[in-house]
Number of protein chains: 2
Amino acid sequence: MPPETPLTPDRILEATEEVLRRYGPAKATVVDVARALGVSHGSVYRHFRTKAALREAVTERWLDQAHDQLSAISRAGAPAAERLRDWLSALFAAKRRKAGDDPELFATYLALAAENSATVARHIETMTGQLATIVESGVARGEFAPRDAHRTARALWDATGRFHDPVYAAEWSDPQVETAFGAVCDLLLNGLRAQAVP
Amino acid sequence: MPPETPLTPDRILEATEEVLRRYGPAKATVVDVARALGVSHGSVYRHFRTKAALREAVTERWLDQAHDQLSAISRAGAPAAERLRDWLSALFAAKRRKAGDDPELFATYLALAAENSATVARHIETMTGQLATIVESGVARGEFAPRDAHRTARALWDATGRFHDPVYAAEWSDPQVETAFGAVCDLLLNGLRAQAVP
DNA sequence: GCACTGACAGATATTGAAATCTGTCAGTGC
DNA sequence: GCACTGACAGATTTCAATATCTGTCAGTGC
């Protein structure tokens with residue numbers, strides 16, 4: 001019998017998210033996804049070549065959500081130092097909220113991220129690209145000393161890892177972490193404002 | 001029969017390290033340690049109340065090794081900026097060497113560290129204490145702008161996490177990581193030299 | 001008395017047979 | 001022709017039995 005709604009990659013991804021949410025990354029199976037959609041698992045394989053590809057697509061979708069809000073900050077008109085602090089704060093706040101609101105779901109996506117390092121690497125490139133935009137405009141306006149924007153963006157990303165890398169999620173509920181974040185931001189912003197690195 | 005050599009905590013720790021090295025953290029048992037020492041496992045429990053206490057003692061011993069070399073650098077007479085860079089480089093090099101030379105042993109100690117967070121926290125306090133010493137002397141000599149040495153030391157530790165936290169060990173074999181380390185160091189040292197954070 | 005042993009109970013880990021899952025593909029129905 | 005099904009082989013996971021381990025303590029020998 002033909003389905004009421006056609007089976008699309010998007011509907012499959014939605015069902016996969018739901019199944020992952022309900023069963024967790026270890027127990028979620030393609031059969032579960034098919035069952036949730038009321039189709040046979042063979043049909044799922046018509047749209048995603050492997051279970052890994054399906055999970056990768058879900059991972060990508062999840063990571064892409066993070067881009068939008070931050071992208072707006074990176075291209076705003078405020079002074080670069082302010083935009084940079086806002087951007088890093090927004091990233092930290094978003095991650096911390098997700099980790100705190102639903103730790104299980106966060107752990108699920110952490111597991112997905114761990115098995116899709118290439119997708120994560122692409123996500124990080126997008127993120128450091130936004131940081132580079134801020135640094136570049138700061139240099140152009142004379143706020144920051146001239147420097148290699150991409151190298152600096154990567155350094156900013158690396159140096160703030162404790163406040164966005166999910167492996168540290170357990171520490172984000174510690175009240176002192178806000179202070180630590182402030183201290184690192186101060187140091188980094190100070191470093192940008194100072195005279196150029198030789 | 002009385003043993004040829006008396007059973008001491010130190011001998012037990014040595015045997016435990018050997019057993020951990022041979023069997024890994026998941027398979028190493030107290031019975032294995034006792035067997036390696038030629039005693040009954042009951043004897044081991046006369047010196048360490050639980051298996052967890054034994055593993056914690058091994059963890060502490062391992063972490064303490066790291067202190068000595070770095071401590072010398074932190075108290076040397078060189079300019080603070082140079083000492084700081086040397087200290088961070090030495091820490092990174094030591095960790096990277098350990099991770100690269102014997103990944104299995106490194107993974108073993110990583111597992112031990114994960115189950116002894118209080119011991120690790122004490123280790124980190126010692127480390128940031130050494131960083132604070134460098135910062136303090138840099139401020140005293142006028143190399144660095146005045147600042148809270150401990151807060152700054154913690155920020156330096158946090159910001160360089162990617163280059164000493166074992167969770168990132170897999171990335172340390174990437175040739176680009178040296179560049180990334182240099183970029184973060186440049187930014188941080190620049191931040192210290194610049195005028196004080198308000 | 002002292003350092004050690006070894007048997008024990010309850011907790012944890014291992015193992016292998018049974019169940020489930022992944023990925024394929026010939027077949028079904030429209 | 002097209003979207004989907006469902007049976008299948010091989011891979012993986014589950015589960016319960018079996019074995020091993022942890023931590024205790026009364027007992028042994030010096």
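The model is predicted: local features need pLDDT of at least 70, side-chain atom pairs count only at pLDDT 80 or more, and totals for chains, interfaces and linings use all residues. Residues are numbered from 1 along each chain as its sequence is written, chains are lettered from A and ligands numbered from 1 in the order in which they are written, and side-chain values use heavy atoms, with hydrogens and water left out.

**View 1. The interface of chain B and chain A.** Contact (heavy atoms within 4.5 Å) links 29 residues of chain B with 28 residues of chain A. The size of an interface is often given as the accessible area lost when the parts come together. Here the buried area (accessible area, 1.4 Å probe, that two parts lose on being put together, summed over both) is about 2300 Å², and carbon and sulfur atoms give 57% of it. The rule finds 4 salt bridges across this interface, a salt bridge being a side-chain nitrogen of Lys or Arg within 4 Å of a carboxyl oxygen of Asp or Glu. B:Asp158 and A:Arg162 form a salt bridge through their side chains, with an N to O distance of 3.1 Å.

**View 2. The side of chain B that touches chain A.** Between the two chains, 8 residue pairs are in polar contact, both residues at pLDDT 80 or more. A polar contact is a pair of N or O atoms within 3.5 Å; within protein, one must be able to donate a hydrogen and the other to accept it, and residues adjacent in sequence count only if both atoms are side-chain atoms. On chain B, helix H8 (149-159) and helix H9 (177-193) are the elements that give two or more residues to this side. Helices (H or I, at least four residues) are DSSP runs, numbered from the N terminus. H9(B) gives the most, with 11 residues. By class, this side of chain B has 15 nonpolar, 7 polar and 7 charged residues. Ala, Val, Leu, Ile, Met, Phe, Trp, Tyr, Cys and Pro count as nonpolar, Asp, Glu, Lys and Arg as charged, and the others, Gly among them, as polar.

**View 3. The two domains of chain A.** Domain 1 covers 9-47 and domain 2 covers 60-193, with bounds from an automatic or database domain assignment. Their centres, taken over C-alpha atoms, are 31 Å apart. In contact are 8 residues of domain 1 and 6 residues of domain 2. The domains bury about 670 Å² between them, 56% of it on carbon and sulfur atoms. The count between them is 2 salt bridges. A:Glu17 and A:Arg61 meet in a salt bridge through their side chains (3.3 Å, N to O).

**View 4. The surroundings of DNA strand D.** Near the strand (a heavy atom within 4 Å of it) are 17 residues, the closest being A:Ser40, A:Ser43, B:His41, B:Tyr45 and B:Lys51. A polar side-chain atom of B:His41 lies 3.0 Å from a base oxygen.
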